[in-house]
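User: I would like to learn how to read a few features in a structure, with the general idea given before each case.

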Amino acid sequence: LKVLGAVPATAWLLPACSSSGPRYLTDTERRVLSACADAVFPPDASGPGAAELGAVDFIDNLLTAFEHDPPRIIAAGSFSDRRPYAAADGSPSASFPADQFLEFLPLSRVQRAGWQLRLYGSAGTPGGGPNDALLGPVIGLRDRIRDGVRDAIAAFPTPIDATGDIPLRAIFDYLPDQAHADVQLLVLQSLFSLPEYGGNRDGGGWRIIHFDGDSMPLGYSFVAPGTNQIRDRPGTPLIGPETGADPEPMDEEVLDLFRAAVAVLGGKTFY
Amino acid sequence: LSAKPIILGNASLDRFDALVIGSGASGGAVAAMLTRNGQKVLVLEAGPNYFPGIDLPDAATLPGAPAGQPLPQFGNDELRLLHRYQIQPDPLTEPRTFRHSVADGDRLRVGDFANFAKTVGGGATHADLKTPRFIPDDFRLATLFGADATKDGASFVDWPVQYDEIEPFYLHAERLMGVQGADGVDPFAGKRSGPYPTPPGAAMYVSSKMAAGVSQLGYTLFACPTAINSLPYDGRPACNDCGFCQGTPCAINAKGTPGVTTLRKALLTGNCQLRPETRAVRLLVDGAGTSITGVEAILPDGSRAMFAADRYVLAANPIEDVRLLYLSGSGGAALGNSSGLVGRNLMLHRGVNVLGVFEDQLHGHRGRGSDHAFTDFRQPANRAVPVGGIVVVQTVPYLIQQAQTYLDQFGALGVKGALLKKMLRQARPRDRLINLSMYGEDAPQPTNTVDLDPAIRDIDGIPVARLTYREHAYEVSAQQFYVPKMIDILGAAGARFAAPIAPGDPPGSGHLMGTLRFGADPATSVCRPDGRFHDIGNLYGTGASLFPTSSGFNPTLTITMLASYVAASIVSPGSPERALPG
């Protein structure tokens with residue numbers, strides 16, 4: 001994080017959503033999903049992959065959300081404790097809010113019904129889904145993940161116990177289509193959502209892509225005391241250009257992707 | 001699971017002058033206007049309340065709340081807001097269906113179409129609240145277009161109220177919402193009778209980048225009016241440009257959403273009662289079918305109750321308003337539909353987006369995400385060129401959404417795994433992408449409709465809304481004409497690449513308009529010029545549902561303005577301006 005100096009030492013301790021909570025996934029399923037997570041976002045010289053950043057804990061937290069009251073679906077509050085309040089002169093103060101995101105909000109009746117259906121499916125929901133007769137039953141995410149992993153293991157050409165962690169990443173493409181899409185999206189969510197949800201461990205997902213992280217309650221601008229002038233802060237410009245060097249400019253491989261996409265979309269390459 | 005009803009505001013009220021269905025831009029404005037004029041108002045809101053303390057004069061006792069303000073249960077949290085349905089209806093429990101025309105059969109797809117936030121404050125809670133006024137010509141397009149007003153099935157009509165007549169209500173709405181802006185910077189704006197409440201906020205770096213490109217092609221970029229406090233205003237703090245503004249609610253109440261402006265003002269009068277998680281499912285009518293006698297609603301625990309008032313105001317949105325009218329009719333007919341126009345002329349702003357790729361560090365995650373615009377493409381009186389809409393400069397700040405987009409859009413080019421990681425590190429969307437978004441005006445078409453799906457139900461077993469929508473040559477030709485110009489603007493601003501993004505089907509602008517158009521003639525409109533239904537003496541439409549045409553501007557200010565106008569017409573029939581604050 002670019003504002004590391006503003007982060008208190010305890011900011012990344014996340015007891016409420018750590019991997020010590022309820023588990024749905026078996027050790028075998030966790031290993032397969034870890035391999036899939038690293039297939040989506042692999043470790044390399046730039047930093048850790050999705051597995052090390054907590055993707056499987058994130059997924060398990062969602063699949064076991066209803067084992068908490070309130071269900072751990074929607075985090076509460078406005079702020080984490082990663083950024084301070086602004087001082088009277090607009091600069092970062094030494095005062096940090098409590099991490100409100102460690103709490104979760106109660107779900108309304110309709111929200112609860114939706115998430116129960118999404119996670120447990122029609123078979124696990126009293127009365128099933130509202131349109132099962134016409135559209136077929138909803139298959140819950142818990143079953144989709146479990147069955148998908150089972151099917152992938154069965155289809156994978158080598159026994160997974162005899163497969164190393166890196167070769168096992170190829171099992172991602174043996175997931176059935178729906179489970180493949182589910183896992184891919186969940187891994188992306190785990191990488192870049194608030195660490196309180198269980199992924200993005202220690203903000204590592206943000207750090208890898210050079211993102212500042214959540215900015216509240218400090219934000220990026222302030223009204224200069226005694227004036228009506230709105231200003232930004234040194235080091236995190238809002239109004240003017242970035243003052244630091246580009247951490248990672250686009251190389252030719254990435255530029256080639258845009259060239260190809262623009263040609264398909266009917267756009268223009270200007271230089 | 002709570003079994004008791006949730007009652008906010010004055011819980012002792014048991015008789016109401018008006019019952020308002022919906023608490024968003026329309027419902028909040030109606031409640032504010034009626035209650036400040038002494039009327040007792042009940043507001044039913046289908047969604048939850050995420051503003052604890054919304055009804056407390058000084059909510060400072062709530063830990064973490066901004067001084068004296070409700071505590072917004074919203075943060076810099078993309079997951080809950082854009083992926084976990086905190087405020088959006090969940091398509092598993094509250095789906096909609098979609099088709100292009102009756103030729104598609106009952107439906108093409110079931111899912112999440114033109115859905116709108118269902119929460120206290122409605123869609124104005126998570127909108128980025130750009131709040132330009134419509135221009136005077138927008139209110140008289142049929143006059144300007146002549147024979148073209150009905151070309152190829154279009155149904156352009158003039159509004160029954162004109163800009164000069166309702167301008168004081170625009171100013172009122174701007175003051176209610178705390179709109180930031182500057183007089184005289186938009187060369188095409190209508191005249192104003194007062195200044196903006198606050199000046200423009202900090203201009204993002206992307207805006208200065210784009211200013212050069214826009215001016216090089218002869219257009220005028222200006223700070224877009226936006227209902228976000230640039231300075232402390234009305235007891236709410238100034239925006240600190242946290243970056244979570246497009247499609248996400250505000251964590252500090254700097255955004256002028258109904259929960260901290262209109263609705264809160266209504267609740268603090270003592271004349272208002274708000275019931276969240278209380279969904280109106282049926283209007284009851286008298287024997288003659290000319291008067292509403294009550295509303296049946298589903299309470300937070302799933303049980304049902306009846307509510308009554310002297311008047312009833314539909315303020316959900318143009319889709320849910322119509323759904324309720326169909327649910328309340330008999331024999332498959334909608335209430336109040338002697339014109340045959342209930343649910344017709346649905347408009348969604350089928351706009352166009354053009355993305356520019358830059359090699360700079362644009363840091364588009366710092367700021368409001370969208371703070372400048374130009375309106376040179378919106379010239380309805382110029383019949384020599386297609387009629388476009390306002391073009392806003394937007395950044396692409398969200399991480400999960402964009403990672404998924406990179407996979408979807410570049411997957412065919414081999415982007416996955418290590419290459420995806422590299423793209424997210426190097427082609428950081430917040431740093432590299434600028435989106436020019438034109439809110440092209442939809443031609444109103446009677447064949448674009450809302451009605452009930454014959455078979456698909458929501459979680460309570462109630463028929464869901466079905467959208468039938470197909471684009472018109474009017475908006476398609478405008479897009480084809482202006483997209484090359486938008487590409488060149490991005491190039492002039494320094495983009496290395498620029499390309500258009502295909503509109504969604506149906507469009508995903510989040511702008512819902514039409515379906516209860518208002519006018520003087522009961523044969524050609526659903527509601528009267530004062531918002532009252534022609535057919536039903538104590539039922540009113542408001543806001544975007546009344547729009548006969550959709551203009552080419554963000555609609556929220558006009559929704560708030562028109563809702564205030566309708567409510568003022570209830571308070572002071574024939575002289576609504578008398579109901580405005582002195």
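Predicted model: local features only at pLDDT ≥ 70, side-chain atom pairs only at ≥ 80, totals over all residues.

User: Which side chains meet in a salt bridge at 2.6 Å, N to O, in chain A?

Analyst: Residues are numbered from 1 along each chain as its sequence is written, chains are lettered from A and ligands numbered from 1 in the order in which they are written, and side-chain values use heavy atoms, with hydrogens and water left out. As a general idea, side chains of opposite charge can pair when their charged atoms come close. The term salt bridge is used here for a side-chain nitrogen of Lys or Arg within 4 Å of a carboxyl oxygen of Asp or Glu. In this model the side chains of Arg30(A) and Asp57(A) meet in such a bridge, at 2.6 Å from N to O. The pair links distant parts of the chain, 27 residues apart, with Arg30(A) in helix α1 (residues 27–40) and Asp57(A) in helix α2 (residues 55–63) of chain A; helices (H or I, at least four residues) and strands (E, at least two) are DSSP runs, numbered from the N terminus.

User: Are Arg30(A) and Asp57(A) buried or exposed?

Analyst: Buried means under 20% relative accessible area and exposed over 50%, with partly exposed in between (1.4 Å probe, protein chains only). Arg30(A) has a relative accessible area of 13% and is buried, and Asp57(A), with 6%, is buried as well.

User: What does Arg466(B) form with Asp451(B)?

Analyst: Arg466(B) forms a salt bridge with Asp451(B), and the closest N and O atoms are 2.8 Å apart. Arg466(B) belongs to strand β18 (residues 463–468) and Asp451(B) to strand β17 (residues 449–457) of chain B, so the pair ties together parts that are 15 residues apart in sequence. Arg466(B) is buried, at 8% relative accessible area, and Asp451(B) is buried at 15%.

User: How many residues of strand β9 of chain B are buried, and how does the strand pair?

Analyst: Two strands are said to pair if DSSP finds at least two bridges between them. Strand β9 (residues 292–298) of chain B has six of its seven residues buried, so it is largely enclosed by the rest of the structure. Strand β8 (residues 279–285) of chain B pairs with β9(B) in the antiparallel sense over six bridges, and Arg282(B) stands opposite Glu296(B) in β9(B). The hairpin of these two strands has six residues between them, with Gly289(B) taking a positive phi near 75°. Four bridges also join β9(B) to strand β10 (residues 304–307) of chain B, again running antiparallel, where Ala297(B) stands opposite Ala305(B) in β10(B). That hairpin has five residues between its strands, and Gly302(B) in the turn has a positive phi of about 95°.

User: How many residues of chain B are in contact with chain A, and what is the area buried between them?

Analyst: Contact means heavy atoms within 4.5 Å, and by that criterion 95 residues of chain B touch 95 residues of chain A. Buried area is the accessible area (1.4 Å probe) that two parts lose on being put together, summed over both; between chain B and chain A it is about 8200 Å², of which carbon and sulfur atoms give 61%. The count between the two chains is 12 salt bridges, and one of the pairs joining them is Arg366(B) with Asp212(A), at 3.2 Å from N to O.
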